[in-house]
Amino acid sequence: MKILGLLFVAFSLAFSAVDINSASKKELSSLKGIGAKKAKAIVAYRKVHCFKSIDEIVKVKGIGKKFLEKNRKNLKAGTCKK
């Protein structure tokens with residue numbers, strides 16, 4: 001079952017970007033350079049702030065410009081759900 005879930009996430013990433021305003025921890029963890037701890041930090045940050053653009057992800061502790069540049073094509077900042 002885990003393999004099926006991972007295949008689904010990989011397939012989803014191949015055809016669409018990860019929305020940093022709504023993605024699950026698992027979806028965020030599929031990005032290069034994001035583990036469980038950073039995914040949790042992104043989710044915690046967006047509970048307080050909305051990402052108006054993907055460039056704002058560098059405001060999350062532990063995420064820098066290198067990460068953003070490596071993943072820019074796989075990210076999007078959708079509508080905030082606040």
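Residues are numbered from 1 along each chain as its sequence is written, and side-chain values use heavy atoms, with hydrogens and water left out. Because the model is predicted, local features need pLDDT of at least 70 and side-chain atom pairs count only at pLDDT 80 or more, whereas totals for chains, interfaces and linings use all residues.

**Overview. The protein holds 4 helices and 2 strands.** Along the sequence these elements follow the pattern α-β-α-α-α-β, where helices (H or I, at least four residues) and strands (E, at least two) are DSSP runs numbered from the N terminus. Of the 82 residues, 33% count as buried, buried being under 20% relative accessible area, exposed over 50% and partly exposed in between (1.4 Å probe, protein chains only). The accessible surface comes to about 5,700 Å², of which 62% belongs to carbon and sulfur atoms, as computed by the Shrake-Rupley method with a 1.4 Å probe. Among contacts (heavy atoms within 4.5 Å) between residues at least 6 apart in sequence, 49% join residues at least 24 apart.

Close-up 1. The structure holds 2 salt bridges, each defined as a side-chain nitrogen of Lys or Arg within 4 Å of a carboxyl oxygen of Asp or Glu. Asp55 is partly exposed at 38% relative accessible area, as is Arg72 at 31%, while Glu69 is exposed at 51%.

**Close-up 2. Lys32, Lys66, Lys70 and Lys73 gather in a surface patch of positive charge.** Such a patch is made of residues with over 30% relative accessible area and no salt bridge, like charges being joined within 9 Å, with the place of a Lys charge taken as NZ. Lys66 is found in helix H4 (residues 65-71) and is exposed, with a relative accessible area of 69%.

**Close-up 3. Val18 lies in strand E1 (residues 18-19).** Val18 is buried, its relative accessible area being 5%. Although Val18 and Lys76 are 58 residues apart in sequence, their C-alpha atoms are 6.0 Å apart in space.

Methods:
Patch = residues over 30% accessible without salt bridge, like charges linked within 9 Å, V, L, I, M, F, W, Y side chains within 5 Å. Lys, Arg positive; Asp, Glu negative; His and termini not counted.
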